[in-house]
Amino acid sequence: MSKPAQTALRLVLARWLMRACLALMPKAQAPWAQAMAAELDEICAAGAACSFAFGCLALALKLRLLSTWQSAAASAKRMAGAFAYRGLSGRLLKQMHTHMHEASVARLGAASACLAVLMGGVFMATEGAPKAWPWMNGVSLAFALASLALLPKQGLQTDQRLRERLCFLLGGLLLASCVLEGREGLNGRWLQLGPVSVQLVWLLVPSLLLLSNVPAGQAQASRHLGSGLGLLLAIASLWAQTEPIWLLLMGLLLLLRSARRSEPQAGHQAEPLLACLALLAAGWSSQHWQMPSSQAFVDQVLLQAWSHSPQPLLTGLMLAALLLLVLPGWRHRHAREHSLLWAGLLLMSLPGFLPTPLLGMGGSAILGYVLSLAAVSGPEPDQQAPSKAAHTPRHRREPHKAPWRRLKPR
Amino acid sequence: MTRTRAPSQQALAVLLVLADAGEEWRHGYDIATQADIKSGTLYPLLMRLEAQGQLEAVWQESPTPGRPPRHAYRLTEAGRAWLAGMGDALDQARARRRAAELQTGWAVAPRSSTKPS
């Protein structure tokens, strides 16, 4: 590589590092991050700029971890205080409820993923799985959480054009991956990307499906060509890779989505068609599909835990951790599709049609779960701000009138 | 009661640069190069010194159009008084810095690799 190209690459890297620093820095220190970014613009030596930006990023990461730890410790202290002074009363439960309600989809999902991976790691460590496996899951989780922190979540939630483009891009990537030489391993097709093997289906399909969902408020904004095409490409790719379970889940989810829309809206006519296509493809590819052979600590992990452990405690905890994965959809209406999809995947993993996500060994599922949290569409307008009526005492609210009464002439 | 720790060598190096600058405002990268410390060490020090009231910071418009405003720093009166109370520690830090300059053949004038504005 020529020297000018190296310099340009280093400068680009420095800018990316600084961008990550700006995103990671806690709100209280945000002006300091801006000061660092301004300094970067003044450094002319590419190596020095890189080193400067790297130092800033390390500092931002440290401060972010510190602030997260402090807020978690403060919450724990408050809860412990409530527990100590008032006993396990309604107050404590109310506080827990408030914390859960206020937490965003991404935070709830990330916390659930952490718990599930932790429980899976404990199971693997205690039951004699290869020593590296829990750590590998941990590294995947850390990478996924860092990626989630860096993703522009607000833009992804609200910018319909960006969602459509990404959906199309993911569909294209999925289809392109069929051309690459994959490794037919246990339970699916693996791609070797550098030093790691990934299952692109787990990585991309959940995010693609959620990105293709159009928030109700933006139904008229565009024709949804990008999302429709993305879904079509995904169906073609899953059919080519003989993935009937994924196709079945996709078809059911699209059917449910189109059934939930109360009125047919422009651009949504394709959804039932795509759903039928996915179900047809699922039926077609199921004829060539073979039930994968089970691998310990990857498939049917709950069943394995139940048969290995004489005490039901570990299995119960693992089941609870697995059920926590659908918590975001339970707490937030706009995240229900995310939870439905992952509930479907969990159900399909019980008999061993798919590997057990997050509890079992597999970084692709961890990344897929965490990254799909960013692809959840934004809350509908009526959910974003509480209505005026909600703040008005009941006795002062206007009595509800039926529409025909409102139209009655005086 | 708050406990004031003895400043570390890096902190002394930063304080020395700021003390030498006097009333002049200095920018983050200049301080880092003159004190010979990394950005990840410099900024926590600056944050702490500012929080303790020993340092003041302002945003300065860049003379080059299109570039964002830069953060500039200098010691406050309280900072200067605190530094004057250190006596020996500061002199030792100054001597160390001079020795390091002689060893590396570093020019006495502050080196700067920032873009001309």
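Is A:Cys44 buried, partly exposed or exposed, and what is its relative accessible area? A:Cys44 is partly exposed, at 42%. Buried means under 20% relative accessible area, exposed over 50%, partly exposed in between, with a 1.4 Å probe and protein chains only. A:Cys276 is partly exposed too, at 43%.

Some ground rules. This is a predicted model: local features need pLDDT of at least 70, side-chain atom pairs count only at pLDDT 80 or more, and totals for chains, interfaces and linings use all residues. Residues are numbered from 1 along each chain as its sequence is written, chains are lettered from A and ligands numbered from 1 in the order written, and side-chain values use heavy atoms, without hydrogens and water.

Now helix packing. In chain A, the axes of helix 9 (residues 200-211) and helix 11 (residues 244-260) come within 12 Å and cross at roughly 10°. So helix 9 of chain A is roughly parallel to helix 11 of chain A (an angle under 35 degrees). Axes are lines fitted to C-alpha atoms over the stretch in contact, with angles from 0 to 180 degrees between N-to-C directions. Helices are DSSP runs, H or I, of at least four residues, numbered from the N terminus.

Who touches whom? From helix 9 of chain A, A:Val201, A:Trp202, A:Val205, A:Pro206 and A:Leu209 meet A:Trp246, A:Met250, A:Leu253 and A:Arg257 of helix 11. Contact means heavy atoms within 4.5 Å.

Last stop: A:Ala142, in helix 6 (residues 132-150) of chain A. A:Ala142 is partly exposed, at 47%. A:Ile366 is 224 residues away in sequence, yet 9.8 Å away in space, C-alpha to C-alpha.

Methods
Helix = DSSP H or I, 4+ residues; strand = E, 2+ residues; numbered from the N terminus. Parallel < 35°, antiparallel > 145°, perpendicular 65-115°, else oblique.
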